[in-house]
Amino acid sequence: MIACLSSNLPNLHSTPTAPGQTTSEPDSKPQAQKLKSSPQLNRWSRARAVRSGRKLDRFGHRSPQSSVNFQVRDRDGVDLEPERISGGEDNVEAMEGKSIYMVSDGTGWTAEHSVNAALGQFEHCLVDRNCAVNTHLFSGIDDVEQLMVILKQAAKEGAMLVYTLADPSMAESAKKACELWGILSTDVLGPITEAIASHIGVSPSGLPRGAPGRNFPLGEEYFRRIEAIEFTIKQDDGALPQNLHKADIILSGVSRTGKTPLSIYLAQKGYKVANVPIVMGVELPTSLFQVDPEKVFGLTINPLVLQSIRKARARSLGFRDEIRSNYSEMDYVREELEFAGRIFAQNPVWPVIEVTGKAIEETAAVVLRLYHDRKHKCSMPRISKRY
């Protein structure tokens, strides 16, 4: 089993040699074999590109690059056979745009959300595809050999690496390999872990989530989340209105404003959520107006965006033309939004959240901020009741 990278790494700043040339160093060791690309990762990259509708390209026009040897040692400190990685000679297929590899020894949630948050700063470029980015998540990577296979593929593809590795030896292996192979990398977990360790004066365990040495007893919070999810599923789409008083949060809005996915997202955080649809010609349950109004939240959306969402939904459900026109025609969409607006105006305590262009996480953040502000009676001053 490979334990860590050797400290005797080749000099990255040495002048590359052309194929066929020899260096002045003595040939005391057998010549290293050239690393072959991983067929499994290549197939995975191709499938991802095809699903995204992107054209596959080859590295055929890349200039030849130098090869570097990668030296590793096993747990007993014995040098293993070095491997060579070459950037220009292998016939590797790649996707258009830049790739970001996310590697984690756990679920990858932290790395993935950190990358997505950072990519949000480049929407002006990503939307029109002028700077396409492809993200790849590798979770549960708890072995150095697995890690090296991924890093070799990243080097061949010219990808950036973002990693969250709790094991210090794994993180150090990733760091040294990236330095050696010229991979742009960011350690998300390491710096903050070291800062906390210094602050509280305790060394970290170095064990990833799910490791045999880490036991997480099923406590009260776990069962509260399970109960919240079960409650929220039962209360979906206006079901069981007699139970609205048991909900922590109640969402109300016209069809396709994201009530159900928002409800499930909040339920996974431990909140019991009910959602009540607003439909013209259908009377709202009286229990909606009998519960504490401070836990009711209205959702609204831009009519043009709502129309496009409804058209896509109607097509996916195979609606007939007459049903589709009533559901997704602009006049009907505007009328239904105005109907919902009048209900919101009649209940001024309900905050109205504009969900146009917001991710579920963003809308949830607004809901929870208002929910806790009201719960603790410390609301921040605001300009209007629409968020």
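Helices (H or I, at least four residues) and strands (E, at least two) are DSSP runs, numbered from the N terminus. Residues are numbered from 1 along each chain as its sequence is written. This is a predicted model, in which local features need pLDDT of at least 70 and side-chain atom pairs count only at pLDDT 80 or more, while totals for chains, interfaces and linings use all residues.

View 1. Of its 387 residues, 38% count as buried. Buried means under 20% relative accessible area, exposed means over 50%, and partly exposed lies in between (1.4 Å probe, protein chains only). Contact means heavy atoms within 4.5 Å. Among contacts between residues at least 6 apart in sequence, 77% join residues at least 24 apart.

**View 2. Four strands form an open sheet in the order β13-β12-β14-β15.** The pairing is parallel. Two strands pair if DSSP finds at least two bridges between them. β13 and β15 (352-354) are the edge strands, and each pairs on one side only. Neighbouring strands of this sheet are turned by 30 degrees against each other on average, direction ignored. For such angles, axes are lines fitted to C-alpha atoms, for helices over the stretch in contact, and angles run from 0 to 180 degrees between N-to-C directions.

**View 3. Strand β13 (residues 273-277) pairs with β12 (residues 249-253).** The two run in the parallel sense, over five bridges. P277 in β13 is the bridge partner of G253. Between β12 and β13 the chain passes through helix α8 (residues 259-268), and this β-α-β crossover is right-handed. Right-handed means that, with the strands pointing away from the viewer, the path from the first strand over the helix to the second runs clockwise. Four of the five residues of β13 are buried, so this strand is largely enclosed by the rest of the structure.

**View 4. Strand β14 (residues 296-300) is joined to β15 by three bridges.** These two strands run parallel. G298 has V352 in β15 as its bridge partner. Helix α12 (residues 360-375) lies across β12, β14 and β15. The helix runs at about 150 degrees to β14.

View 5. Most residues other than glycine have a negative phi. D237 lies in the loop between α7 (220-234) and β12. D237 counts as exposed, at 51% relative accessibility. R256 is found in the loop between β12 and α8. R256 is partly exposed, with a relative accessible area of 34%.

**View 6. The second largest pocket is lined by 29 residues.** A pocket is an open set of points on a 1 Å grid over the protein atoms alone, where a 1.4 Å probe fits, with protein on both sides within 12 Å along at least five of seven lines; lining residues have an atom within 4 Å of a point. T164, L165, A166, L189 and T193 lie nearest the centre of this pocket. Elements giving two or more residues to its lining are α2 (109-119), β10 (160-164), α5 (168-181) and α6 (189-200). α6 gives the most, with five residues.

**View 7. S328 sits in helix α10 (residues 321-328).** S328 is buried, with a relative accessible area of 2%. Leaving aside neighbours within four places in sequence, S328 is in contact with Q307, R310, K311 and V333.

Conventions:
Heavy atoms only, no water.
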